[in-house]
Amino acid sequence: MGYDDGTSSNTSQKGDEAFASRKAGINKDELNEHLREYINEWKKTRLIEEEELKRLKEKQMKRKEIRAEQERKLNLEKKEEEEKLKKIEAEKKAQLEEEKKRQMEEAEKKRQEASDGKGKGKGPIIDAHKEISKTKEQVEEEMKVSLMFRIKPLALEEMDSDELKAKANELFNTIILLETEKYDAQERQVQQEYEMKELKERQKVQLRQKAAKKGLDPEAFCGKHPPTIRMFSKYERRTDTRTYSDRKGLYEGGWEVVRAEALEVTFKEKLDEWNKRHKTKLPKWFGERPGKKAGDPETPEGEDDEGGAAAEEAYEEEEEEEEEDEEEEEE
């Protein structure tokens, strides 16, 4: 019995292992199939994504090409427009230059016609401001135009030997004349510079004398700028001519000076009031009216007494008022 039990246990164990291995094989096959399907789906999705990415890149490249073409066209149009504007500006400038040249030629012709053939005639009136404001290029251009009219081209092919010699002598004499005028102009300039120097020296001498008379430094008026002005006030541009004692006296006295000025004003007011008073007859002294002149008639006794009493009372009142005013001023 013991042997039979061992044999049945081994057989059942082997059967379980075979069943487990068959089951594992089935699961592995299914798993491989699922993996294969997943990989295939992933490859399809990846292929679709790559195609979409490729399509988007191609679309982007086409857009870039279109944009570049548009920019190229815009730049070309802009360049053509700029060239057109430059051409228009150049044409306008050329027309202005031509018009200006024509006007200069006409002016030169008029000047040539106005002259008497010797170069001493009166030409057209020249505006000095315009002449000064001209640029160097404008002056050179005008000089070329003027020389073009003054210097006529020589027809050397049509001249024989005698005519050539005569023309050469004429040009030689013209050169001598121009060189002589140039030398005279240079000498005149030197003489004028010397005279200007002399005049400046005389002016300096006069200015030194003027400064000495005013008590200033001799070179005060000879400098580039006028002499400085000593001012006692920054708001008034005039010289302080007061002496040291006068300026020192401005700060002396103080309140005493102010009080004295106030008293002086009060005294003048009182004096004016006193002079404007109603004058009365003065009392008699020693039987004779004061202020009586020779030949005046005698004053009646009654009028004399009344007038004398009134005059005495008024005189006493005025004296009392003056004493009160003096006391008030002292206080």
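The following is a conversation about the predicted model of one protein chain.

Visitor: What are the ground rules for this model?
Guide: The model is predicted, so local features need pLDDT of at least 70 and side-chain atom pairs count only at pLDDT 80 or more, while totals for chains, interfaces and linings use all residues. Residues are numbered from 1 along each chain as its sequence is written, and side-chain values use heavy atoms, with hydrogens and water left out.

Visitor: How many helices and strands are in the chain?
Guide: The chain has seven helices and zero strands. Both are DSSP runs numbered from the N terminus: helices are H or I with at least four residues, and strands are E with at least two.

Visitor: What share of the residues is buried?
Guide: Buried residues make up 5% of the 331 residues. Buried means under 20% relative accessible area, exposed means over 50%, and partly exposed lies in between (1.4 Å probe, protein chains only).

Visitor: And the accessible surface of the chain, what does it come to?
Guide: It comes to about 31200 Å², of which 53% belongs to carbon and sulfur atoms. Accessible areas come from the Shrake-Rupley method with a 1.4 Å probe; for residues, only the protein chains shown count as cover.

Visitor: Which residues make the nonpolar surface patch?
Guide: Leu 31, Leu 35, Tyr 38, Ile 39 and Trp 42 make a patch of about 570 Å². Patches are made of residues with over 30% relative accessible area and no salt bridge; like charges are joined within 9 Å, and nonpolar side chains (Val, Leu, Ile, Met, Phe, Trp, Tyr) within 5 Å.

Visitor: Is Tyr 38 buried or exposed?
Guide: Tyr 38 is exposed, with a relative accessible area of 58%. Tyr 38 lies in helix H1, residues 2-114.

Visitor: On to salt bridges. How many are there?
Guide: The count comes to eight salt bridges, each being a side-chain nitrogen of Lys or Arg within 4 Å of a carboxyl oxygen of Asp or Glu.

Visitor: What about Arg 36 and Glu 33?
Guide: Their side chains meet in a salt bridge at 2.8 Å, N to O. Arg 36 and Glu 33 are separated by about one helical turn, because they are three residues apart in helix H1.

Visitor: Which residue forms a salt bridge with Arg 102?
Guide: Glu 106 does, with the closest N and O atoms 2.6 Å apart. Arg 102 and Glu 106 both lie in helix H1, four residues apart. Glu 99, Arg 102 and Glu 106 are linked in a network of salt bridges.
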